[in-house]
Amino acid sequence: MHELSLAQSLLEQLLGLARQHNADTISKVTVILGPFSGIVADSFDFGFNILKKEYQETKEAELILEKPTPEYLCLECQHISAMEPAESQIPGVAGIITGKHSCPKCNSDRLSPQGGTDLILKQIEME
């Protein structure tokens, strides 16, 4: 479960930022979780909420996970469009674009995932 180690790394980063800014508490943390990051959002959330209790600064921190809509590149016309993937049978893994999806510009069904592999610390609220 690599989500636990990612949550631990996030908490270490948060604690460093709190020290750097002389903050005693971190109340809210917003993270962007890319749709193709391979991170199971529920596991990451669970790990964060367990580990945050170990540190006084983060005990009450609320984690907000933003999950942007996946973007796909059309291999025919190079148009990039956002669309929801088909449901995946594997929990936490983004689905694939199937024949029922097509490029809104040229109608091709040759689509490839574009970006979305990020885990980004977007915002922190601290006092």
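Here are some questions and answers about a predicted model of a protein chain.

User: How much of the protein chain is made up of buried residues?

Analyst: The protein chain has 127 residues. Its accessible surface comes to about 7700 Å², with 48% of that belonging to carbon and sulfur atoms. As for the residues that count as buried, their share is 31%.

User: Which residue in β2 is the bridge partner of Thr-30?

Analyst: In β2, the partner of Thr-30 is Ile-64.

User: Is Leu-15 buried or exposed?

Analyst: Leu-15 sits in helix α1 and touches Tyr-55, Glu-57 and Thr-58, leaving aside residues up to four places away in sequence. Its relative accessibility is 8%, and the cut-off for buried is under 20%, so Leu-15 is buried.

User: How far apart are the C-alpha atoms of Leu-15 and Gln-56?

Analyst: Along the chain, Leu-15 and Gln-56 are 41 residues apart. In the model, the separation of their C-alpha atoms is 9.7 Å.

User: Now for Glu-3: how far away is the nearest side chain of opposite charge?

Analyst: Glu-3 is in helix α1, which covers residues 2-20. Glu-3 is buried but has no salt bridge. A salt bridge needs the charged atoms within 4 Å. The nearest oppositely charged side chain belongs to Lys-67, and its distance is 12 Å.

User: Which residue has its backbone nitrogen 2.8 Å from a polar atom of the Glu-3 side chain?

Analyst: Beyond residues up to four places away in sequence, Glu-3 touches Gly-38, Ile-39, Val-40, Ser-43 and Phe-44. The backbone nitrogen that lies 2.8 Å from a polar atom of the Glu-3 side chain belongs to Val-40.

User: Of the contacts with a separation of 6 or more, what percentage joins residues 24 or more positions apart?

Analyst: Two residues are in contact when heavy atoms lie within 4.5 Å. Among contacts in the protein chain with a separation of 6 or more, the share from residues 24 or more positions apart is 70%.

Definitions and conventions. Residues are numbered from 1 along each chain as its sequence is written. This is a predicted model: local features need pLDDT of at least 70, side-chain atom pairs count only at pLDDT 80 or more; totals for chains, interfaces and linings use all residues. Side-chain values use heavy atoms; hydrogens and water are left out. Helices (H or I, at least four residues) and strands (E, at least two) are DSSP runs, numbered from the N terminus. Buried means under 20% relative accessible area, exposed over 50%, partly exposed in between (1.4 Å probe, protein chains only). Lys and Arg count as positive and Asp and Glu as negative; His and the chain ends are not counted. A polar contact is a pair of N or O atoms within 3.5 Å; within protein, one must be able to donate a hydrogen and the other to accept it, and residues adjacent in sequence count only if both atoms are side-chain atoms. Accessible areas come from the Shrake-Rupley method with a 1.4 Å probe; for residues, only the protein chains shown count as cover. Two strands pair if DSSP finds at least two bridges between them.
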